[in-house]
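Here is a short briefing on one protein model. Please look at the structure first.

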Amino acid sequence: MLHEQPFQPSAQGRSGARDECGVFAVYAPGEDAATLCYYGLYALQHRGQESAGIAVSDGTHILVTKEMGLVNQVFDPQRLAGITGHLGIGHVRYSTTGASTWDNAQPAFKVTATGGSIALGHNGNLVNTVDLARELGPPGDAGSDVARQCDTDSELLAALLARDADTSLEESIVRTCGLVRGAFSLVVMDSDTVYGVRDAHGVRPLVIGRLPRGGYVMASETEALDIVGAHLVREVEPGEVVAIDEHGLRSRRWADPTPAFCSFEYVYLARPDHRTAETSVYAARREMGRLLADTAPVEADLVIPVPECGTAAASGYAEASGIPYAEGLVKNRYVGRTFIQPSQS
């Protein structure tokens, strides 16, 4: 079966399946949303190292700040002090569609058909962007012009959410998600509410945490909850949209769930201390090593991990096989994740 291809990246872009980004959201009256987003993104830095951005609202309007670079390069205390509000979303990008440029950094920002504004952070990759672009209008239509200006599937999602003048943002999310095919975890906000959404398969992770003094956060991984002092409540379920505002947390189904996790999250993408409903990433990697020792036994002097992701698996292999474990390869911990650099050079 032939499938329409997603947006083609520019000459600076990259081909292949890449959908690793980190997203964070907070609704916490009385708290500094920008600083909470900063720490959350800092914990998620391994999920994207090309750009970082934060959108914050004080209940009346949204201010977006984003730049190319790491979280601590983009934001400092002075910049954070100028971003005030009690709700916000954040994003660290590992480019999937579209070039690694400032224009494609997130959160994506759009003015709505009613004159309001929304911001969106997206972790995932869509496979029917051609059809989605058609939803914005036929050739020559104003909506079609908007679609042509979208260089990423994330920008296209934001444009679709902003187009509806006859309904609330929540209803627009439900309507738009029903049109989308692919992997997506979204954090979306308007001036007074934050939303978290997962696709019906739950391919990309998204969890909910509760702050000690009230309010909620959502993040791609649980270590982003830990760093801001939030305790894990639960995962956003596949096919669920969660809304958080002054009335608390509410949720609804936009699709029947058909769970299908991404094994690469356990193998490589996620930090070892990320916790899921079933296990932790560290425990899963150790178990992979134990299973490998049973299915692929060898005679050897040492089990040596390739850091960092191979460390837990190697310890599990050594334990199950009885072969001594030792570190024979050393990684420079001050170098970023080379796998997710934007070019081969």
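V306 sits in the loop between helix 10 (281–295) and helix 11 (310–321); helices (H or I, at least four residues) and strands (E, at least two) are DSSP runs, numbered from the N terminus. The model is predicted: local features need pLDDT of at least 70, side-chain atom pairs count only at pLDDT 80 or more, and totals for chains, interfaces and linings use all residues. Residues are numbered from 1 along each chain as its sequence is written, and side-chain values use heavy atoms, with hydrogens and water left out.

**Loop between helix 10 and helix 11**
- V306 is exposed, at a relative accessible area of 54%; exposed means over 50%, buried under 20%, partly exposed in between (1.4 Å probe, protein chains only).
- E308 lies in this loop too, between helix 10 and helix 11.
- P307 and E308 are joined by a cis peptide bond, with omega about 0°.

**Loop between strand 4 and strand 5**
- P107 is placed between strand 4 (87–93) and strand 5 (108–111).
- The bond from Q106 to P107 is a cis peptide bond; omega is about 10°.

**Second largest pocket**
- Its space is about 390 Å³.
- It is lined by 24 residues, and R198, G202, E235, F261 and E278 are the closest to its centre.
- A pocket is an open set of points on a 1 Å grid over the protein atoms alone, where a 1.4 Å probe fits, with protein on both sides within 12 Å along at least five of seven lines; lining residues have an atom within 4 Å of a point.
- Volume is the space filled by probe spheres set on the points, which are joined across faces, edges and corners.
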